[in-house]
Each structure stands twice: as structure tokens, then as C-alpha cells.
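Let us look at how some words used for helices follow from computed values. Here is the structure to keep in view while reading.

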Amino acid sequence: MILYNICYYFYIYALVGWIWETCLCSVRERKFINRGFLNGPLCPIYGFGMISLIVFLYPITSRLVDNGLHSFFLLFVGGGILCSVLEYFTSWLLEILFDASWWDYSKEKFNIKGRICLKASLFWGVMSALIIMFIQPIVKGWIDSLPQPQGTYILWLLISITSIDFIVTVAHLISLRTKIQGIRTSIKQLREDVIIPKLYEDVEERLYLFDKRVDEIIYDIQTRIEKFDFKEDIGAKDKISARIEELRSKYKDFKLPNLQERRILKAFPKMKLRDFDEVLKEIKEKAQQFKK
């Protein structure tokens with residue numbers, strides 16, 4: 001199997017994955033959702049998933065004399081495992097790179113850290129078997145019939161456009177992460193400062209406070225400062241007040257998400273930060289104030 005075919009498999013199945021995800025999410029939200037990591041109509045995880053199936057499983061099943069239930073079972077099990085491993089690794093990698101989880105199966109039964117779950121794995125298994133047995137032969141025949149010189153030009157054009165799209169998307173993701181991290185860092189510092197004068201005697205109460213919205217955090221702490229007796233520890237009061245002003249300034253000057261960032265937030269509505277998830281929720285609310 002040559003690289004030429006593999007690249008075409010990636011683009012075809014990434015497009016099919018985008019159509020599936022976009023239709024599913026658009027129907028669920030009752031409005032069009034560009035459900036993709038990239039701006040273009042591609043879901044790369046579907047492309048990579050199908051490539052792994054074609055490379056590792058298709059050669060085995062194509063040699064089986066009985067191309068019926070035995071092939072289906074092998075593809076079902078192998079596809080479910082391969083796709084689940086890819087989904088878990090992708091979720092882990094995105095969390096490491098962008099400090100956020102992009103999808104969440106934690107409410108599903110038999111899930112592993114919210115990254116994969118049994119129901120999704122069974123779905124991947126069934127779809128893998130059906131596509132490899134019935135769709136892949138058609139796709140392979142179409143690619144083989146495509147004149148290679150023209151096909152190569154088209155492929156290089158697709159690769160160039162996708163590369164630019166990838167760079168633009170990652171740049172905006174880094175910008176979005178930086179904005180969120182700025183507010184989140186101030187909240188973390190404020191959390192540490194209120195420990196010193198025991199402004200919150202109950203630890204659980206203090207932790208719960210910092211799971212609220214930014215404006216609620218500022219209001220709650222300011223109210224407590226006015227009533228709290230700092231005694232000789234006036235420095236702690238000044239420090240907390242300075243932290244509040246710093247957080248207020250970052251929150252006030254926080255730029256509303258641009259078009260790229262709004263698209264990403266809409267495409268992945270279940271995206272969550274590792275902590276202080278309310279910060280991200282507020283940004284999503286601001287993003288929803290704008291039309292596409």
C-alpha cells in the first residue's frame with residue numbers, strides 16, 4: 001500500500017467523519033455546527049482511525065476464505081479496540097497540549113477517565129466492520145481509477161490547504177488558552193491568599209467558592225473583607241485587595257472570543273478545563289452572544 005492511497009484514505013474518511021459529526025451535532029443543537037478541529041470539512045481523528053484499520057486489519061480480513069461473520073467479528077473487535085485506543089490517546093494529547101478535555105464520557109457507564117466508554121467503543125466496532133467490508137472496496141476502486149498525475153496534484157493542494165488550516169487553528173487555540181490561563185492564574189493566587197488570614201474557616205467552603213463565576217468570586221471575597229477583622233495582619237488585607245483588583249482588571253479587559261475561538265467553542269460544547277471550569281463557561285456564554 002503506497003503513501004498516495006493512504007493520504008487519500010485519510011481525506012475521504014476525515015470528510016465522512018466531519019459530515020457525520022456535523023449532522024449529529026447540528027440536529028442536536030437545532031442549528032449548524034461546524035463540528036471539526038479544523039476550519040475545513042475534516043475530522044482528522046476519523047481519517048487516522050480508518051488508516052489504522054486499513055493498515056492493520058484490512059489485509060488480514062481480505063485473505064479470509066469466509067468473508068462473512070468471521071471477518072465481521074474480527075473487524076468489530078479489532079476496530080473497537082484500535083479506535084478506542086486512538087480516541088483515548090487523542091483526548092490525552094489534547095489535554096496535555098491545551099490544558100483542556102475536549103469531550104467527556106464521564107456520565108456514561110464503563111468509561112475510562114471520561115475519554116472513552118463502552119458504548120462508544122461498541123459503536124466504533126460496528127462502524128469499522130461495516131465500512132471495511134462494504135465501503136472500503138468501493139473507495140479503493142475509485143482511488144485506483146483516478147489518474148495518478150492529476151491525483152497527485154489534487155493531493156498536494158489538499159495537503160497545503162490542510163497545513164495552513166492546522167497552523168491557523170493551533171495558533172488560535174494557544175491564544176484562547178493564554179487568555180483563560182491569565183484569569184485562572186489570578187484566581188489560583190487569590191485562593192492561596194485567602195488561606196493566610198483564614199478568611200474562610202471551612203476548607204470545603206473555600207474550594208467551592210472558587211468553582212463559581214469570576215464576578216461572584218470578587219463579590220463574595222470583597223463582602224467578607226469588609227466584615228472580617230484582620231487585627232494586626234493588615235498586610236494580608238492589602239494583598240487580597242490587590243489580587244482582587246488584578247483579577248477584576250483581567251476580567252474587565254478580557255477580549256471577547258474572536259471568530260476562530262467562537263467556532264472552536266461551539267464545535268466542542270463539552271470542552272472542560274482541568275479546574276476552574278466556570279471561567280470557560282463564561283467565555284462560552286460570551287461566544288454565544290455573537291452570530292456565526
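Q: Why are α1 and α2 called oblique to each other?

A: In this predicted model, local features need pLDDT of at least 70, side-chain atom pairs count only at pLDDT 80 or more, and totals for chains, interfaces and linings use all residues. Residues are numbered from 1 along each chain as its sequence is written, and side-chain values use heavy atoms, with hydrogens and water left out. The axes of helix α1 (residues 3-29) and α2 cross at roughly 130° and come within 7 Å. Angles under 35 degrees count as roughly parallel, over 145 as roughly antiparallel, 65 to 115 as roughly perpendicular and the rest as oblique, and therefore α1 and α2 are oblique.

Q: What makes α2 and α5 roughly perpendicular to each other?

A: Helix α2 (residues 44-56) packs against α5 at an angle of about 70°, with the axes 11 Å apart; this angle lies in the perpendicular range, 65 to 115 degrees, and therefore the two helices, α2 and α5, are roughly perpendicular.

Q: Which residues of α2 meet α5?

A: Tyr-46, Met-50, Leu-53 and Ile-54 of α2 meet residues of α5 including Trp-124 and Gln-136, where contact means heavy atoms within 4.5 Å.

Q: How do you know that the span of helix α5 agrees with its number of residues?

A: The expected span is 1.5 Å times one less than the number of residues, so the 28 residues of α5 (residues 118-145) should span 40 Å, and the end C-alpha atoms are 39 Å apart, which agrees.

Notes. Helix = DSSP H or I, 4+ residues; strand = E, 2+ residues; numbered from the N terminus. Axes fitted to C-alpha atoms, helices over the stretch in contact; angles between N-to-C directions.
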